[in-house]
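Open the model and keep the sequence beside it. The text below goes through a group of strands and then a helix.

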Amino acid sequence: MEYLELEKLGDGLAVLHLANRIGRMNMLSASMLTELEYALGAVRNDPAIRALVFISDKEDNFLVGVDLKELERAKEPGQARDFILRIHEVFNAIGALPIPTVAAIHGPCLGGGLELALACHFRVATDDPGTTLGFPEVTLGLIPGAGGTQRLTRLIGVRKALLLMTKGTILNAAQARAIGLVDLAPYPYQLLETVRSSLPHFEKRFRKRRKNRFTLTDRVLQVAGPARSVFFANARRRIKKAAFGNYPAPVKVLECAEKGLEKGFSAGLAAEARTFDDLVLSSESRAMRRLFFSAKASRKSPYTEKARPVGLIGVLGGGLMGSGIATVSAQAGIPSLMKDRSWPGLAPGLQRIWTHFDRQIKTRMGNPVERDMLFGMVTPVVDLELFSRADLIIEAVFEEKILKRRVLQEMEALTRNDCIFASNTSAIPITEIASAAARPENVIGMHYFSPVPQMPLLEIVVTKHTADWVIGTAIATGQKQNKTVIVVRDGPGFYTTRTLMPFLHEACTLLGEGADVKEIDRVAREFGFPVGPFKLLDEIGIDVAWHIAEELHGMFSTRGFFPATGLENMTDDDCLGRKSGKGFYRYIRMPWEKRGMRIPAFKEFRPTHEGVYRYFGERKRRAVNPLEVRDRLVLLMANEAALCLQDGIIANPKDGDLGAVLGLGFPAFLGGPFGYLDRIGIQRAVTKLELLTGRFGARFTPAPILVEMAGKGKSFHGSTPA
């Protein structure tokens, strides 16, 4: 067999090895199901077998889920449902075996892999950082379709199960054991031996068929119909409110779970199969799956073959960005130096790093030993002596061109000829920073997004002088830091910032026309953005946004964009957003103390800072047309993305979609700006832009590439308008 191998050990123990011989990862496919049916038949027909263990022969994965290529073959209604029904049949056969079955898990056990484990009677997962369990299907616009919505609710209770499935939360073994998802979480050595020694315990539990210990609330939800109806109605309302109904999958998870509790297990499985079939063909899931494949493809780059090892990273700047870069470097196993001008200046950055790793203990993502080891990989310094040993230096100093040039020259005088200098700038062209460099081939842009540990994107910016090995090393380092990397060509604002600025500029223009801050943010959120433009400006920092606007002014002014001077006036008045306590919103100072260090933080925000309107004209606030606001904001962003593709800043639409979704929060269910243009139709987009040009000016002039594609009836991804 190509996917499985059945081994019979002594004492009546059979081991079914998951051993995909034609690929690196174990994935659930039609061919694997055929072999699984054969193996289960052999087990049923052998009375000598008293227990069956599922274990992977792969060193780094158990079963990562359904092979998505199987789903891509589904073009007509019913095709995906037939595949799911077949999985149900096989997994039901596992659960119906008259002997205890155990899933021995090491490595990722996700989606269909976890559903196979749930079909078993017991689960043992190694306490290893690489062992993860969860249902990420909602991030692909799907639901757990292989019995997950039914078995998980019955195993750990309705409330915890729904939290996992509707959010796509990924757990480690310790977290999974804490909620009852796994029975044992041994160290990652001798996994099979641990299972074997535990078999008497499992056999005893199997004979007794002991029920799970649910909380009183979960027991009520299992049996009381009225209480269950109220619970699911409230849950459905909360999910729709959080995402404005843009993502159908989480709501469908609720419906399938409710159906199973109300009508029984079989009815729940039938609802699951129907729902999964509908979602596979939905535009939302197609867009999200395309993003998934694009992210997967981005990990394969010809440049990485030329990458050189990085043993030490030097980070210049201990602020929010610098400490974040040091944090993800430590998580990647790369020691780093973090420099600031003084020891007091380093304290907040070190506190952020410590808090990040300490929080992992509270969430069972790590232990005190791991926390101390990771924290110890960051060395704070106030001088540059140790930077001479660095292989890669990343500057995260203030967004000012002269300062960045000076820092680059200081580093070149101190470091080896093969040391890479990377700038974390978000807008200043790397060519201008490297204009006085002695080794311009070693200079590159590594644009991280804040907060660095949470944001998944890294935008690597290359100039015409950047050496291939430097590009490869930067990509490899970013991937070690668990970032999705896109490579873009140098230019003002690169791709992400250049695409974002028209969006923010138009929001400020609407404000000057009398629109309300909260109303514009609401329209953006209803469209699918995680935050509105003004909340985002407060997060970025008004002063930073103004500096970026100044940097891009030369390029944008020729196309009808006029400076949003309100941002300059806000900066002059120390109205800087969250960090100063007031911006477009007011923020409440939340001081807290940890180990003697008192650090202020503005965490909560109140309604609009009413005084902000005076910076944009004291006209009376007026009602706005939500559809007009949406088109003015989103079409400007999409049009700029198309111009970036036309100018060669990005290599292809897939990189553009990834960058906008992962870096800017463009709605994933729309597939990114290029996916959105395909969805509404490029001809329709061009028509709308031309109408907006007539009403509001040249900044809405459609990109020539869009006009050309509209004339030829083309699309970016080969999809047709919805």
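Two strands pair if DSSP finds at least two bridges between them. Helices (H or I, at least four residues) and strands (E, at least two) are DSSP runs, numbered from the N terminus. The model is predicted, so local features need pLDDT of at least 70 and side-chain atom pairs count only at pLDDT 80 or more, while totals for chains, interfaces and linings use all residues. Residues are numbered from 1 along each chain as its sequence is written, and side-chain values use heavy atoms, with hydrogens and water left out.

Start with strand β12, residues 392-395. Strand β9 (residues 313-316) is joined to β12 by four bridges, in the parallel sense; Leu-316 has Glu-395 of β12 as its bridge partner. β12 also runs parallel to strand β13 (residues 420-423), again over four bridges, and here Leu-392 is partnered by Ile-420 of β13.

Which way do the residues of β12 point? Leu-392 and Ile-394 point one way, Ile-393 and Glu-395 the other, and all are buried (under 20% relative accessible area, with exposed over 50% and partly exposed in between; 1.4 Å probe, protein chains only).

Between β12 and β13 comes helix α17 (residues 401-414), and the three make a right-handed β-α-β unit. Right-handed means that, with the strands pointing away from the viewer, the path from the first strand over the helix to the second runs clockwise.

Now turn to helix α14, residues 320-331. The expected span of a helix is 1.5 Å times one less than its number of residues. The twelve residues of α14 should therefore span 16 Å, and its end C-alpha atoms are 17 Å apart, which agrees. Ten of the twelve are buried, including Met-321, Ile-325 and Val-328. After α14 comes Gly-333, with a positive phi near 85°.
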